[in-house]
Amino acid sequence: MPSPLLSSPRLLIAGLITLAAALPASAQNQPQMNLQRVEITAGMHRIDAQVAAAPQERQTGLMHRKEMPVHEGMLFVFEQPATQCFWMKNTLLPLTAAFVADDGTIVNLADMKPQTEDSHCSAKPVRYVLEMNQGWFAQKGIKPGSKLVSAAVFSTKK
């Protein structure tokens, strides 16, 4: 006997739509827009950062985004410090990556060109990477050695 779900075209279509919605954003070639957010400050500047903490979230990152508001970015959170390397495959926006130590200190910055596979790596092991629109850090005078602050993210231990 056929399944009642398969016998109804409407139910089958609804099921397929639900399945497609559950696929990772990268599988749909759509940007991920609904990640958890955290507020980060850099001096007097406020950043509204989406948090990419799960492996699939980190893998998709800012791919397929056509625009990003000037005060927004994406914070990539890894389980432990390591040399982190990023590329820009399927990423349409020019970005700058800030490689960030556990205490929020920017270790190094890397400008990245859209839709390239060039590797941009941290100068030393880090747990965090913050991507912003290219030029944001330079325009604000934020450089390696500058401190990012977020009680929800960075360790304040001495």
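The model is predicted, so local features were considered at pLDDT of at least 70 and side-chain atom pairs at pLDDT 80 or more, whereas totals for chains, interfaces and linings use all residues. Residues are numbered from 1 along each chain as its sequence is written, and side-chain values use heavy atoms, without hydrogens or water.

The protein chain contains five helices and nine strands, taken as DSSP runs (helices, H or I, at least four residues; strands, E, at least two) and numbered from the N terminus. Their order along the sequence is α-α-α-β-β-α-β-β-β-β-β-β-α-β. Of the 158 residues, 40% are buried (under 20% relative accessible area, with exposed set at over 50% and partly exposed in between; 1.4 Å probe, protein chains only). Among contacts (heavy atoms within 4.5 Å) with a separation of 6 or more, 67% join residues 24 or more positions apart. The accessible surface is about 9,200 Å², and carbon and sulfur atoms account for 56% of this area (Shrake-Rupley method, 1.4 Å probe).

The largest pocket has a volume of about 250 Å³. A pocket is an open set of points on a 1 Å grid over the protein atoms alone, where a 1.4 Å probe fits, with protein on both sides within 12 Å along at least five of seven lines; lining residues have an atom within 4 Å of a point. The volume is the space filled by probe spheres set on the points, which are joined across faces, edges and corners. The lining comprises 16 residues, of which Arg 58, Gln 59, Phe 76, Phe 86 and Trp 87 are the closest to the pocket centre. Two or more lining residues come from each of α4 (55–60), β3 (72–82) and β4 (85–86), and α4 gives the largest share, three residues.

Five aromatic pairs are present (ring centres of Phe, Tyr or Trp, the last by its six-membered ring, within 6.5 Å; planes under 30 degrees apart stacked, over 60 edge-to-face, the rest tilted). The ring centres of Phe 78 and Phe 86 lie 6.3 Å apart with planes at 85 degrees, so this pair is edge-to-face. Phe 86 and Phe 99 also form an edge-to-face pair, with centres 6.2 Å apart and planes at 75 degrees. Phe 86 lies in β4 and Phe 99 in β5 (residues 95–100), 13 residues apart. Phe 78 and Phe 86 are both buried, and Phe 99 is buried. Ring pairs connect Phe 76, Phe 78, Phe 86 and Phe 99 in a cluster.

Ala 152 follows β9 (148–149) and is exposed, with a relative accessible area of 68%. The C-alpha atom of Ala 152 is 8.8 Å from that of Ile 40, 112 residues away along the chain.
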